[in-house]
Amino acid sequence: MAKTKNFLCAACGASFSKWSGRCEACGEWNTISEDRGLSAGPPSKSLGASRGKPVTLTDLSTEETPPPRAASGLAELDRVLGGGLVPASAILVGGDPGIGKSTLLLQAAARFAQAGLKTVYVSGEEASAQVRMRARRLGLSEAPVKLAAETNLRDILTTLETERPQLAIIDSIQTMWADNVDSAPGSVSQVRAAAHELTTFAKRRGVSVILVGHVTKEGQIAGPRVVEHMVDTVLYFEGERGHQFRILRAVKNRFGPADEIGVFEMTGGGLAEVTNPSALFLSERGNPAPGSVVFAGIEGTRPVLVELQALVAPSPHSQPRRTVVGWDSGRLAMILAVLEARCGIPFAGLDVYLNVAGGMKISEPAADLAVAAALLSAREDAALPPETVIFGEISLSGALRPAPQTENRLKEAQKLGFTAAIAPAGGKTGSGGGLKLTRPSDLTGFVGETFGAG
Ligand code: TYD
Ligand code: MG
């Protein structure tokens with residue numbers, strides 16, 4: 001009997017019975033290839049045909065003790081993990097090549113090992129000598145980490161089986177090679193099989209595994225999104241090439257809050273923790289200039305102040321430019337449309353540039369009002385009042401909505417020496433602490449109050 005072939009999309013992991021140039025599920029081109037590894041034809045017999053054994057059912061109220069966690073002592077990492085490493089959990093750390101994943105994980109390995117966890121670091125990308133050299137540069141030579149340079153998954157699993165570490169770091173999942181899968185390392189089938197073997201090993205043997213995954217330029221973990229579904233926690237390590245800040249962001253976490261961030265600074269001696277990110281993000285800020293606004297944001301459980309910069313200039317193009325770094329371009333288009341439709345302030349014929357300083361990425365709708373303020377300030381060439389933070393969500397009607405955790409944002413602003421805040425009325429807070437608080441109820445009111453007649 002001919003075997004049924006199976007085809008997989010590298011971008012979204014959808015499977016098909018025949019090849020095509022474009023994935024019907026996600027619309028990507030040239031991402032479909034044959035999956036030779038797990039030739040999973042339909043099962044010959046229906047599961048209902050033979051009886052299984054009954055499974056014990058429990059109540060929702062059954063007491064569950066929270067998993068004991070191991071802290072690395074790197075507070076920024078522990079917080080992103082949800083309060084430390086959960087035993088037998090599988091974690092994926094994704095990021096661009098060269099962003100600092102190997103450095104971060106070698107530092108984490110050393111910290112966990114020093115904290116008493118038996119730790120194995122497997123490098124499939126570098127020779128042991130190279131990893132040792134990096135360890136020496138980071139001042140970690142003395143850490144009791146066990147090191148291997150290997151890509152053969154069967155050998156790695158056998159080694160882990162005998163060594164029985166509590167933590168195994170695999171750098172990277174794309175270099176792993178499962179000899180029962182008939183395709184090249186880095187292919188979807190290989191990455192999927194390797195991730196599957198390692199995550200099931202983690203559960204079965206009570207070993208925590210951290211998998212490193214390179215991200216393609218489209219921002220996906222190369223090859224399989226499917227790896228994201230297999231692991232408990234997905235972290236992204238991000239930052240701008242030219243900047244020294246690096247942000248570790250939890251995008252999925254079965255054992256803690258998602259959207260939590262850890263902030264690091266790249267130094268010659270490795271990654272240093274940044275315990276007060278607001279101070280770092282604002283450190284490059286000069287005198288108040290038109291187009292510059294400080295947004296009081298919330299990242300995970302922590303308030304973070306960042307500077308937004310806008311530039312608005314007459315456009316030489318028939319189609320004016322809209323360029324955004326660190327924010328959503330669709331959201332920018334919306335703010336421009338609301339300013340035009342509700343406040344009568346046109347941006348037609350003007351190029352608009354918006355930048356989040358420090359290489360930070362913001363996704364909160366609460367940044368709307370700060371963005372609008374930066375755009376208006378740039379357009380009017382008028383600096384905003386100094387030492388003022390701004391936040392609030394703008395709706396299509398031009399109404400302003402209060403942002404969650406207003407109190408926390410105001411507290412952080414005050415801590416960093418700001419004296420005033422502009423934030424929509426509503427929410428639970430009455431006072432602005434020691435800050436002079438302005439509470440516009442709609443965008444037109446805000447424009448009038450802040451920029452005169454607008
Ligand atoms: P590396 O950890 O190898 O990146 P990745 O594993 O994501 O590909 O780091 C890339 C380069 O940056 C490497 O040459 C070391 C350098 N680097 C520093 O000098 N200091 C740092 O704090 C970090 C994170 C990296
Ligand atoms: Mg690396």
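This is a short tour of the structure above, stop by stop, with something to select at each one.

**Before you start**

You are looking at a predicted model, in which local features need pLDDT of at least 70, side-chain atom pairs count only at pLDDT 80 or more, and totals for chains, interfaces and linings use all residues. Residues are numbered from 1 along each chain as its sequence is written, chains are lettered from A and ligands numbered from 1 in the order in which they are written, and side-chain values use heavy atoms, with hydrogens and water left out.

**Stop 1: the whole chain**

Show the chain as a cartoon. Its C-alpha trace spans about 75 × 55 × 50 Å along the principal axes. The secondary structure comes to eleven helices and 21 strands; helices (H or I, at least four residues) and strands (E, at least two) are DSSP runs, numbered from the N terminus. Of the 454 residues, 50% count as buried. Here buried means under 20% relative accessible area, exposed means over 50%, and partly exposed lies in between, with a 1.4 Å probe and protein chains only.

Now colour by domain: domain 1 is 1-35, domain 2 is 75-274 and domain 3 is 280-451. These bounds come from an automatic or database domain assignment. Taken over C-alpha atoms, the centres of domain 1 and domain 3 are separated by 44 Å.

**Stop 2: Thr-31**

Select Thr-31, in the loop between strand S2 (15-16) and strand S3 (32-34). Is Thr-31 buried or exposed? With a relative accessible area of 14%, Thr-31 is buried. Leaving aside neighbours within four places in sequence, its contacts include Leu-8, Cys-9 and Cys-23; a contact means heavy atoms within 4.5 Å.

**Stop 3: the sheet**

Select the seven strands that form an open sheet in the order S15-S16-S14-S13-S17-S20-S21, with mixed pairing. Strands pair if DSSP finds at least two bridges between them. At the edges are strand S15 (322-325) and strand S21 (436-438), each pairing on one side only. Neighbouring strands are turned by 25 degrees against each other on average, direction ignored. Axes are lines fitted to C-alpha atoms, for helices over the stretch in contact, and angles run from 0 to 180 degrees between N-to-C directions.

Zoom in on the pairings:

- S13 and S14 run antiparallel and are joined by eight bridges; here Ala-296 stands opposite Leu-305.
- S14 and S16 are also antiparallel, with seven bridges; look for Pro-314 opposite Leu-350.
- S13 (residues 292-299) and S17 (residues 388-390) run parallel, with two bridges; Val-294 has Val-389 as its bridge partner.

**Stop 4: the turn between S13 and S14**

Select Gly-300 and Thr-301. The hairpin of S13 and S14 has two residues between the strands, and Gly-300 takes a positive phi near 65 degrees there. Thr-301 lies in the loop between these strands and is partly exposed, at 47% relative accessible area. Apart from neighbours within four places in sequence, Thr-301 is in contact with Arg-79 and Glu-260.

**Stop 5: aromatic rings**

How many aromatic pairs are there? The count comes to three. Rings of Phe, Tyr and Trp (its six-membered ring) pair if their centres lie within 6.5 Å; planes under 30 degrees apart count as stacked, over 60 as edge-to-face and the rest as tilted.

Select Phe-245 and Phe-281, whose ring centres are 5.3 Å apart with planes at 85 degrees, so this pair is edge-to-face. The pair links distant parts of the chain, 36 residues apart: Phe-245 is in strand S10 and Phe-281 in helix H7. Phe-245 is buried at 1% relative accessible area, and Phe-281 is buried at 2%.

Move on to Phe-446 and Phe-451, with centres 6.5 Å apart and planes at 80 degrees, so they are edge-to-face. Phe-446 is buried at 1%, and Phe-451 counts as buried at 15%.

**Last stop: charges over rings**

Select Arg-379, which lies over the face of Phe-347 at 5.5 Å from the ring centre. Then find Arg-409, whose charged end sits over the ring of Phe-391, 5.4 Å from its centre. The rule asks for NZ of Lys or CZ of Arg within 6 Å of the ring centre and within 35 degrees of the ring normal.
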